[in-house]
Amino acid sequence: MNIIHLKCQNCSADLDIDMEHFIAFCPYCGQKLLFDVDQIGNILLEKEKTNHEKERTKQQELKYEHDLKIKNMNRDVLKGINKWYWKSIRYSIYFVLGMLAFLFILLLLDKLFHISG
Ligand SMILES: [Zn+2]
């Protein structure tokens, strides 16, 4: 809670505040101020509204951050799956090429040395 220091307009001393009777009075020169109760009510109401709005904005920001986090998470998962998919295709191609090279070498050795008779 914020505390506002009220000063006497007459002598600049700190005013004592009697919230029960909505009166501020100066202990030095005796100056009295009566608070406008309606205005205080309006100020408090306005403040309450502002706090509600702040709270709502905060919640919206939190929700936005949360949604963004989930979106990023989903994107990362998709990226991971995509990466894995292309990696497995690449290794499959390497495997097939390796097998072909192996068969080719076998064929070549057979032609050179007539292994199969
Ligand atoms: Zn005073």
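Author: pLDDT is the predictor's confidence in each residue, from 0 to 100. This is a predicted model, so start there.

Reader: What is the mean pLDDT of the protein chain?

Author: The mean is 90, and 94% of the residues reach 70 or more. Helix 1 (residues 37-113) has the highest confidence, at 94. Strand 1 (residues 16-18) has the lowest, at a mean of 85.

Reader: How many domains does the assignment give?

Author: Domain 1 covers 1-35 and domain 2 covers 36-113. Their centres, taken over C-alpha atoms, are 59 Å apart.

Reader: What span should helix 1 have?

Author: Count 1.5 Å a residue. The 77 residues of helix 1 should then span 114 Å. The end C-alpha atoms lie 112 Å apart, which agrees.

Reader: Is helix 1 largely buried or in the open?

Author: A residue is buried if 20 or more other C-beta atoms lie within 10 Å of its own. In helix 1 the number of buried residues is zero, so the helix lies largely in the open.

Reader: Where is Ser-12 placed, and where is Phe-22?

Author: Ser-12 is in the segment before strand 1. It has 10 C-beta neighbours inside 10 Å, so Ser-12 counts as exposed. Phe-22 sits in the loop between strand 1 and strand 2 (23-25). With 13 such neighbours, Phe-22 counts as partly exposed.

Methods. Residues are numbered from 1 along each chain as its sequence is written. This is a predicted model: local features need pLDDT of at least 70, side-chain atom pairs count only at pLDDT 80 or more; totals for chains, interfaces and linings use all residues. Domain bounds come from an automatic or database domain assignment. Helices (H or I, at least four residues) and strands (E, at least two) are DSSP runs, numbered from the N terminus. The expected span of a helix is 1.5 Å times one less than its number of residues. A residue is buried if 20 or more other C-beta atoms lie within 10 Å of its own, exposed if 12 or fewer, and partly exposed in between; C-beta atoms are placed from the backbone.
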